Amino acid sequence: MLFSRNALAAPALVSLLLTGSAAADDAQSRAQDALKTLQTWYNPQSGIWDTCGWWDGASCMTTVADLAALDPSVMDTATYVFNNTFHVGPVSNPHPGPEKKTVFTRDNQGANSVNASQWLDQAYDDDGWWALAWIAAYDATREQTYLELAEGIFESLAAAWGTNCGGGGIPWNPTSTYVNSITNEVFLSVAAHLANRVPDRKEYYVRWAQKEWDWFTSQGFIGENGTINDGLLENCQNNGATVWSYNQGVVLGGLVELNRAAPNDTLLPSANKIAEAAIKTLADSNMVIHEFCEPQCLPDGTQFKGIFIRNLQMLQRASPDETYRKVIINSANSIWKNDRDEKGGLGVNWAGPIQATVDASTHSSALDALVAALALSIL
Ligand SMILES: *[C@@H]1O[C@H](CO)[C@@H](O)[C@H](O)[C@H]1NC(C)=O
Ligand SMILES: *[C@@H]1O[C@H](CO)[C@@H](O)[C@H](O)[C@H]1NC(C)=O
Ligand SMILES: *[C@@H]1O[C@H](CO)[C@@H](O)[C@H](O)[C@H]1NC(C)=O
Ligand SMILES: *[C@@H]1O[C@H](CO)[C@@H](O)[C@H](O)[C@H]1NC(C)=O
């Protein structure tokens, strides 16, 4: 049964919030406001958010979970979403299989065992987004079932290990030979997160995270500017394709978690180098983050910046830097002042003005920045 335990996560934070500064109050009420707006798109039948798709749904749920972990007053909304999405979400899976082999997790005899296969959609990065989302839901609720679901998804990713580039890494999907950054960054991050949350398999997950990172750095993903391009050519050289913000972000959270599980002096400096290069490339003169596709980003591109900021916030906590703080705070403030429509919806261009569609993807991505600003104001 879900939610029998620990209805309120992180109780220590409650008192911090109550005694918080005006900045914290502001950050908290902005995030709460934006969560209410996000939920106008939540569809109880599909378990995801109308106007954005399957993997974006995982990102939206992660945002909700991250906020709930900081602000217990939204926990009811969050636990409702986790439970409902857990039960009905698979109806929205756009391409179930062909990673069709049933992936049960450890407790595969028990009544509470979870069928992770239902969350696999023939795109390994999408699978990884859902693993991260269920880990975030676990962090907010301590509901073990969610963690087990993430472990089950991880197993299907680990089974895909081995590309034509040095024999390591995960390809983009089961039928493609494209070796892209995001799939491998998400794999790193899932492994490293699990290492800190599953004590009896810690070594196993640490080994996977280290193996992924060693392979990643031996390939050409990081380009001449220190930023991470979309992926590799058939000959395994850097393909020079778009420097998407999320590709500069997911790796940061992965390295922070890996360094927490298995400290190594090289990991945070590597993260710092990527973050600095990313900010040089993606921030405007007000330190507000942009995507190269703005203002007419296709549905995937609308999601990315929030993921960057979510992970930059993790790095800021592990390795504080005034520049990171500015990027997070300035992006959040600019979104609130310049990029909000009359219904409270948040757009894709964080510097404003609103020029294109406002939907659950642009909105949840911007909400990530509001949540990161709240985290900085209270943690
Ligand atoms: C969890 O969600 C399912 C499906 O929507 C629902 O039937 C069930 O009552 C929910 N359980 C709780 C504890 O909210
Ligand atoms: C698990 O889910 C997959 C994909 O939806 C399905 O094919 C399989 O039958 C399920 N297995 C069980 C035991 O329910
Ligand atoms: C490095 O930056 C320059 C100048 O912004 C840009 O033209 C080039 O494409 C970048 N290189 C890569 C590999 O992204
Ligand atoms: C530290 O990490 C680097 C990069 O992954 C690796 O090459 C090195 O072996 C690690 N050192 C230890 C002591 O694990």
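**Ligand sites and helix packing**

A: The side chain of Glu 224 has an N or O atom 3.0 Å from a nitrogen atom of ligand 3. That is a polar contact (a pair of N or O atoms within 3.5 Å; within protein, one must be able to donate a hydrogen and the other to accept it, and residues adjacent in sequence count only if both atoms are side-chain atoms). This is a predicted model, in which local features need pLDDT of at least 70 and side-chain atom pairs pLDDT 80 or more, while totals for chains, interfaces and linings use all residues; side-chain values use heavy atoms, without hydrogens and water. Residues are numbered from 1 along each chain, with chains lettered from A and ligands numbered from 1 in the order written.

Asn 225 brings a side-chain N or O atom to 2.2 Å from an oxygen atom of ligand 3, and a polar side-chain atom of Asn 229 lies 3.2 Å from an oxygen atom of this ligand. On its own, ligand 3 has 360 Å² of accessible area, and the protein covers 42% of it (Shrake-Rupley method, 1.4 Å probe; for residues, only the protein chains shown count as cover). Together with Val 243, the residues Glu 224, Asn 225 and Asn 229 surround ligand 3 (a heavy atom within 4 Å).

Ligand 4 is surrounded by Trp 213, Asp 214, Asn 264 and Thr 266. Oxygen atoms of ligand 4 are 2.6 Å from a side-chain N or O atom of Asp 214 and 2.2 Å from one of Asn 264. For Thr 266, a polar side-chain atom is 3.3 Å from an oxygen atom of ligand 4.

Around ligand 1 are Asn 83, Asn 84 and His 87. Polar side-chain atoms lie 2.3 Å from a ligand oxygen in Asn 83 and 3.4 Å from one in His 87; in Asn 84, a side-chain N or O atom is 2.9 Å from an oxygen of ligand 1. Ligand 1 exposes 360 Å² alone, and the protein buries 40% of that.

Now the helices. Helix 3 (residues 54-70) packs against helix 13 (residues 360-378) at about 25 degrees, with axes 9 Å apart. Helix 3 and helix 13 are therefore roughly parallel (angles under 35 degrees; over 145 is roughly antiparallel, 65 to 115 roughly perpendicular, the rest oblique). Their crossing is left-handed. Among the residues in contact are Asp 56, Ser 59, Cys 60 and Asp 66 of helix 3 and Ser 364, Leu 367, Asp 368 and Ala 375 of helix 13 (heavy atoms within 4.5 Å).

Helix 3 also packs on helix 5 (residues 124-141), at about 20 degrees and with axes 8 Å apart. The two are therefore roughly parallel, and helix 3 passes helix 5 in a left-handed crossing. Residues that meet here include Trp 54, Trp 55, Met 61 and Asp 66 in helix 3 and Trp 129, Trp 130 and Trp 134 in helix 5.

Helix 11 (residues 304-318) comes within 7 Å of helix 13, axis to axis, and crosses it at roughly 15 degrees. Among the residues that meet are Phe 304, Ile 307 and Arg 310 in helix 11 and Asp 368, Ala 372 and Ala 375 in helix 13.

Definitions and conventions
Axes are lines fitted to C-alpha atoms, for helices over the stretch in contact, and angles run from 0 to 180 degrees between N-to-C directions. Helices (H or I, at least four residues) and strands (E, at least two) are DSSP runs, numbered from the N terminus. A crossing is left-handed if the near helix is turned anticlockwise from the far one by less than a right angle, and right-handed if clockwise.
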